[in-house]
Amino acid sequence: MFLKVTVFNKNLDFLCLKLIKKFCWFLLLIFYNFFISIHNNLYTLYIDGSHYQEFDISAGGGILFFNKKEIAKFQKITPKDIDDNFHEYFALSTCLNEIKQQQLTQQIDIKTDCLPLAENIKKIQQNISLSSNIYTIIDKLGLIETLSYFTDLKIEYIPRNENHLADNHIKSFITSFI
């Protein structure tokens with residue numbers, strides 16, 4: 001009951017192979033575009049922390065974007081039991097906990113102008129040990145548990161001038177307390 005076609009024409013065989021090859025490339029292109037569109041739909045979080053020594057106040061937070069459109073802002077005054085040198089870590093913790101609590105996404109690209117923070121989060125993801133001082137702060141903030149909630153989390157260091165939105169957001173938040 002099956003139709004069996006045998007082709008003895010070499011030109012026709014070559015044409016069929018060419019069509020199959022083009023069809024495979026077409027499928028590959030569709031898959032690639034689908035993957036790129038999914039990747040481009042990841043949420044992007046710009047974080048920053050700030051400290052005003054003369055007023056003894058620190059804060060951290062950030063701005064969450066989806067497809068380059070701002071969808072949420074997060075900010076919080078840093079508690080006194082968190083050393084002022086770690087306001088960037090506090091910013092990350094504050095934002096990720098809010099995103100987790102509100103169940104906004106589990107896939108996120110994080111941008112920070114704090115190189116040590118980016119390097120230490122990558123170390124955590126690669127199971128590389130941290131200094132005891134850094135580990136104590138990260139543990140106190142609950143960052144390791146929070147990071148495990150996210151299925152796709154990338155953190156990237158960016159120059160300070162590319163993080164101006166988060167920087168301005170946190171600075172204006174802090175000045176409201178001064």
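A: A search of the whole structure finds 0 disulfides, a disulfide being a pair of cysteine sulfur atoms within 2.5 Å. Cys95 counts as buried because its relative accessibility is 0%, and Cys114 counts as buried at 14%, where buried means under 20% relative accessible area, exposed over 50% and partly exposed in between (1.4 Å probe, protein chains only). This is a predicted model, in which local features need pLDDT of at least 70 and side-chain atom pairs count only at pLDDT 80 or more, while totals for chains, interfaces and linings use all residues. Residues are numbered from 1 along each chain as its sequence is written, and side-chain values use heavy atoms, with hydrogens and water left out.

Helices (H or I, at least four residues) and strands (E, at least two) are DSSP runs, numbered from the N terminus. In helix α4, residues 132-141, the buried residues are Ile134, Ile137, Ile138 and Leu141. They lie on the same side of α4 because they cover an arc of only 95° around the axis, the arc being that of the directions from the helix axis to the C-beta atoms. The cover over these buried residues includes α2 (87-102), α3 (115-125) and α5 (143-149), with contact meaning heavy atoms within 4.5 Å. Just after α4, Gly142 takes a positive phi of about 70°.
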